[in-house]
Amino acid sequence: MDVMSDRSNSALMTFTAPNSNQGSTSSPRFPRSIFSVSRTEVDQIPFTIKHGLTDQETSLDSGLSGYLFIVGPAGSLDSPWDPRHPCLLNPTRDGYTPLYNGDGMIYRIQFEQGQAYLKTKLAQSVSYIADEIVHDNPCYPNLNFENFGIARNSIYLGASTQLSVTLTPIRFQAEDPYRLLLTVDMGRPHEIDPVTLEIVQPIGSNQEWKAVNPLFANFPFPLAMSCAHPSFDFERKELYTINLGRSISRFLPTLRQVLKHFPALQPVLKTPVSASSSTDPLQVPKQFVHQLWHWFSDGIDSLIRSGYSQSQSVEDAWQSLVQAIAALNDDDYVELLRWRGGDRFDRWQIVLEDGTPLKIQQTLHQLWVTKHFIVLVDTAFKISLEELLPFEHNEMIGEVEALFRDLANDPQLADTPVYIIRRDNLEEPWQDTSQPRTVEARSLTIPREIAHYVVEYEDRDGIVLHTVHSCATDAAETIRHFDRSAFNDPNTPLLAGMLCDGMDINWIGSYVINPNAKPEEALTPCLIKRDYCWGDPVYAYRNMTLEPSNQIEDVYWIFFGGWEELLSEYVADLYKSYKYRTVCVEDALNANREGRAATLCHVHIERSLNAKQELELRLTTPDSYTFPPSCFANSPQFIPRQGGDGSFTDGYITCLVFLSPEDGSHPKELWIFDASHLSQGPKYRLCSPQLNCGFTIHTTWLPEVAPAPPSSYSVRQDFEPLVNKLVQQYQHSWLPEHHQVAEQLQALFEQIYQRFNH
Ligand SMILES: [Fe+2]
């Protein structure tokens with residue numbers, strides 16, 4: 001099917017199609033409006049509501065109510081201004097900062113009596129406050145934060161917690177109002193007040209969260225890795241999330257690349273020490289080599305760390321190396337955290353059936369709880385050290401950057417490791433939280449990549465998982481200033497900062513997993529593909545994250561599409577040998593060059609029992625909408641219709657749409673579809689010159705909002721032990737610069753404590 005001729009586009013009436021053909025070919029231009037963002041907070045700004053794709057003003061259905069929340073990065077304190085829009089920032093203008101990097105901005109759209117109002121707020125974590133205080137402040141010359149790839153770091157303060165990824169509602173009593181968490185992969189979850197949108201507290205103290213690696217620990221803001229989509233069990237009132245540890249070698253695939261030249265070493269190095277048989281005569285040499293391996297990788301990390309600043313001293317590098325050596329025996333870990341609303345977490349280290357610790361190769365971006373199981377997936381969003389490159393600031397060494405990326409990067413895993421934990425194995429935990437108990441996870445493999453997925457709460461007939469496989473579609477690969485177009489055409493611009501196109505068509509998939517069967521017999525899959533399944537997919541469905549979804553009948557997916565300006569030669573090469581190729585490389589290149597429009601699609605799930613009384617699924621796509629050329633859509637959310645019948649399609653789908661209108665009118669709009677009639681096009685378009693969001697992905701919806709409960713959180717209690725320890729270390733250093741750092745740290749945190757007291 002030619003996606004451009006989809007019948008839904010016949011709904012175009014007075015809507016002005018954006019300037020679609022200014023590139024070197026007839027391929028639609030990607031809307032530049034996604035690169036501009038505002039950090040200005042607004043309150044109760046009314047939207048102009050337009051009917052369908054016309055300019056006719058109207059009001060909303062009475063069935064549309066409640067509060068839509070969207071979150072996304074909004075640049076940093078030092079982001080450059082957008083030359084085309086003087087009031088807006090263009091955070092990716094430097095050519096190396098990806099769209100993912102930025103402080104979180106929360107957008108809340110309130111639907112009331114046929115009207116809609118916008119409120120926005122920057123998510124001000126403690127590290128954000130620190131960033132604001134030290135930024136261009138002559139009192140703190142050593143403490144400034146800078147962007148490094150996907151992260152924002154300070155040499156002496158650590159990693160900023162940019163609360164920009166996901167919104168997770170929780171509720172410990174059915175009669176209470178929903179509370180709301182901002183959750184991220186790199187940092188602690190934080191609670192926000194749904195009314196004011198201000199930060200209330202982090203979930204878990206600094207003492208509760210372990211740093212991802214000892215090398216990232218010794219800062220006031222240590223880098224903790226978690227799960228951007230934790231799972232709240234609304235029946236048992238428990239939040240489950242993850243504290244992830246990764247050895248430096250996992251961040252640095254470079255060494256794996258090097259080792260490809262030494263195949264004899266690979267089996268030794270791939271064997272965890274703890275898994276080795278004690279009767280193995282090579283046990284001692286293996287341990288020695290294993291430790292050398294860690295020493296080598298950690299040493300390289302120290303050298304890289306020392307490059308964070310030209311003024312970084314030899315002592316810093318040496319101290320880092322000492323820490324690395326001290327951490328020789330620390331390896332990857334995955335700890336399951338359970339929070340029931342109190343001060344402490346219950347925690348378990350996850351081990352595999354053979355007793356070895358679970359190791360995650362990419363990320364645990366998402367976790368789901370069913371009635372009896374916890375489902376973890378090694379998600380197709382890799383975070384490697386090359387994405388935190390310290391020397392990307394130097395534009396003179398683009399060739400070196402490109403070379404380092406070639407060495408330090410791998411394609412995402414083509415097969416998805418899945419881990420299943422029985423909840424009845426989560427006995428009451430050991431009280432000493434520094435010594436977590438272990439819990440066993442069964443592993444199995446789902447062919448093809450999974451970045452986002454949904455799991456039903458009811459698991460009586462097996463664990464039911466719905467996804468779109470992002471085949472050769474690597475959401476972690478963003479375009480850099482030194483990239484070349486895959487089309488070998490100097491006239492085709494590449495849009496630095498944006499995610500790259502996919503190099504194959506995606507598959508929509510649902511699975512019944514039998515957690516008791518052998519891994520090779522555990523999966524009952526149902527897979528379909530449609531012509532529009534190109535680009536990264538994001539989902540929405542009724543009651544998403546608001547209550548346990550015992551059975552999901554309908555899921556909506558937005559596909560980002562394929563764009564000529566978003567495919568680099570590097571990514572095209574990286575996925576040339578993709579394992580599960582559906583479309584040949586040449587056709588994949590052509591699809592992106594011609595362009596594949598962003599598409600909103602409705603997937604219906606039917607169930608039946610086979611002759612053995614086993615659950616089987618059947619997928620259909622009864623409805624879809626193809627966005628007009630040069631329109632990019634994202635952040636889908638299902639809003640149930642007030643007074644409706646409660647069915648899975650009785651409601652609205654909202655999404656953000658980015659345009660590039662020639663007349664300078666609203667380049668960003670919120671489109672609202674009738675969820676049961678997508679192909680009719682948007683029912684409403686919400687327009688406002690103050691809707692100046694950047695690249696957002698995730699959303700949630702609450703039927704009503706109420707203030708967050710009072711919190712006893714103390715910033716001083718949370719940070720003082722760590723800060724005091726660091727201050728003492730720097731005071732005893734023989735370097736005069738460190739004495740200044742000690743003074744600056746003390747002064748900064750006193751300023752932070754006072755600010756929170758007020
Ligand atoms: Fe996500």
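Biologist: Which strands make up the open sheet, and in what order?
Modeller: The open sheet has five strands in the order β2-β34-β33-β32-β31, with antiparallel pairing. Strands here are DSSP runs of E with at least two residues, and helices are runs of H or I with at least four, both numbered from the N terminus; two strands pair if DSSP finds at least two bridges between them.

Biologist: What should I know about the model before going on?
Modeller: The model is predicted, so local features are given only at pLDDT of at least 70 and side-chain atom pairs only at pLDDT 80 or more, while totals for chains, interfaces and linings use all residues. Residues are numbered from 1 along each chain as its sequence is written, and side-chain values use heavy atoms, with hydrogens and water left out.

Biologist: Back to the sheet: which strands stand at the edges?
Modeller: In the order β2-β34-β33-β32-β31, the edges are β2 (48–51) and β31, and each has a single partner strand, so one side of each is left without a neighbour in the sheet. Neighbouring strands are turned by 25 degrees against each other on average, direction ignored, where axes are lines fitted to C-alpha atoms (for helices over the stretch in contact) and angles run from 0 to 180 degrees between N-to-C directions.

Biologist: How many bridges join β32 to β33?
Modeller: Seven bridges join these two antiparallel strands, β32 and β33, and valine 657 stands opposite glutamate 669 in β33.

Biologist: How many salt bridges does the structure hold?
Modeller: The structure holds 43 salt bridges. One of them joins the side chains of lysine 579 and aspartate 415, at 2.4 Å from N to O; lysine 579 lies in the loop between α8 (569–574) and α9 (585–594) and aspartate 415 in strand β21 (residues 415–422), so the pair ties together parts that are 164 residues apart in sequence. Lysine 579 counts as exposed, at 54% relative accessibility.

Biologist: New topic: what coordinates the iron ion?
Modeller: The iron ion is coordinated by the NE2 atoms of His229, His365, His452 and His698, at 2.0 to 2.2 Å. Donors are N, O and S atoms within 2.8 Å of the metal (3.2 Å for Na, K and Ca), and since water is not among the atoms, sites may look incomplete.

Biologist: Why is the arrangement called irregular?
Modeller: The four donor atoms subtend angles of 91 to 158 degrees around the iron ion, which makes the arrangement irregular. Four donors count as tetrahedral if all angles lie between 85 and 135 degrees; four count as square planar and six as octahedral if opposite donors are over 155 degrees apart and all others between 65 and 115; anything else is irregular.

Biologist: What spacing do the donors follow along the chain?
Modeller: The iron donors follow H-x135-H-x86-H-x245-H. Histidine 229, in the loop between β14 (199–202) and β15 (231–233), and histidine 452, in strand β23 (residues 450–455), are 223 residues apart. Histidine 229 counts as buried at 7% relative accessibility, and histidine 452 is buried with a relative accessible area of 10%.

Methods:
Buried < 20%, exposed > 50% of the residue type's maximum accessible area, 1.4 Å probe, protein only. Salt bridge = Lys/Arg side-chain N within 4 Å of Asp/Glu carboxyl O.
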